[in-house]
Every structure is written in C-alpha cells, then in structure tokens.
Amino acid sequence: MAVQRTLSIIKPDAIAKNVIGDIIRRFEENGLAVIATRMTQLSDEQAGRFYAVHRDRPFYKDLCAFMSSGPILATVLEGKNAVALNRQLMGATNPKEAETGTIRADHADSIDANAVHGSDSEENAAIEIAFFFGDLDLNSRQ
C-alpha cells in the first residue's frame, strides 16, 4: 500500500454539532496523519468552483448553498491507502446506508447534510488539496 494524501472536509452541519475532535480522532486512530488544516467559510462562488464536476447534476445548487452556509474544516490526511481508508471511515453518502460506526452513520443527518467530504481518487485528491492549500502548507509526518 502506497502512502497517499487525500482531502477531507468537515462540513457545516458537523461543525455546528461540534464534532470536529471526534472526526479527527477517528482519522488518527486509523493511521491517517493530519498534515494541513484550514477552517474557512466558502462563498457560493467558491463552493461552485470546488464542486464544478457536479455542475450539471440536479443537486448542484443545493450543494453549493449548503457548503457555503457555515464554516468548514478542510484537512489534508496522509497515510497508507489514504483515499480508500478515508472513504471507508466516512461511510456511505446516505447516512441511512452507512455502516454502523462510520462518521456519517454517527454524525450525518441526511444525504445532503452528510458531515464530511472525501476525495474519491488520488487524482481528484491532488486537485482538491490544491484548491485549499499550497505546497508550503503541507507538512508530512512520514
């Protein structure tokens, strides 16, 4: 298994629930190191640029509105097989389908307010990380 980097975003609903620490703990306890983090609030335009891949999907406008509705915590995680591991820890997009003990099963309210975002591939992780962070922001702990 290769050491990878992936982006995780703790979304506005999870920030409002004050579960940042629990989510970060789950990453660290499962071998993912936090190598960069930034709390910010996206504008609707910034959320639109980040989620541009979904521009033609029916949920795009609601997604952008939700992601700009409050602060988010963007985090770069590093570890063996980080992309797949992060997605496993998150659970299914729909929290009703997420396995017990996953972040979404424990902290998400709906398919829209689903607590976290995670990159779906190494290629997208690189693009998503660059959206929030520059090279000097990334501090490997390997």
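This is a predicted model: local features need pLDDT of at least 70, side-chain atom pairs count only at pLDDT 80 or more; totals for chains, interfaces and linings use all residues.
Me: Is Glu-128 buried or exposed?

Reply: A residue is called buried under 20% relative accessible area, exposed over 50%, and partly exposed in between, using a 1.4 Å probe and protein chains only. Glu-128 has 12% relative accessibility and therefore counts as buried. Across the protein, buried residues make up 49% of the 142 residues.

Me: Which residues is Glu-128 in contact with, beyond its neighbours within four places in sequence?

Reply: Contact means heavy atoms within 4.5 Å, and with those neighbours left aside Glu-128 is in contact with Leu-7, Phe-50, His-117, Gly-118 and Ser-119. For the protein as a whole, among contacts with a separation of 6 or more, 77% join residues 24 or more positions apart.

Me: What is the order of helices and strands along the sequence?

Reply: The secondary structure comes to seven helices and four strands, and read along the sequence they follow the pattern β-α-α-β-α-α-β-α-α-β-α.

Me: Which residues of helix α4 are buried, and where on the helix do they lie?

Reply: In α4, residues 60–67, the buried residues are Tyr-60, Leu-63, Cys-64, Phe-66 and Met-67. Seen down the axis of α4, they fall within an arc of 165 degrees, so they line one face of the helix; the arc is that of the directions from the helix axis to the C-beta atoms. The face turned away from this buried side carries the exposed residues Lys-61 and Asp-62, whereas the cover over the buried residues includes β1 (3–10), α1 (12–16), α3 (44–50) and β3 (72–80).

Me: How does the radius of gyration of the protein agree with that of a compact globule?

Reply: The radius of gyration is taken over C-alpha atoms, and the globule rule is 2.2 Å times the number of residues to the power 0.38. With 142 residues, a compact globule would have a value near 14 Å, and the protein has 14 Å, which agrees. Along its principal axes, the C-alpha trace spans about 40 × 35 × 25 Å.

How values were computed:
Residues are numbered from 1 along each chain as its sequence is written. Side-chain values use heavy atoms; hydrogens and water are left out. Helices (H or I, at least four residues) and strands (E, at least two) are DSSP runs, numbered from the N terminus.
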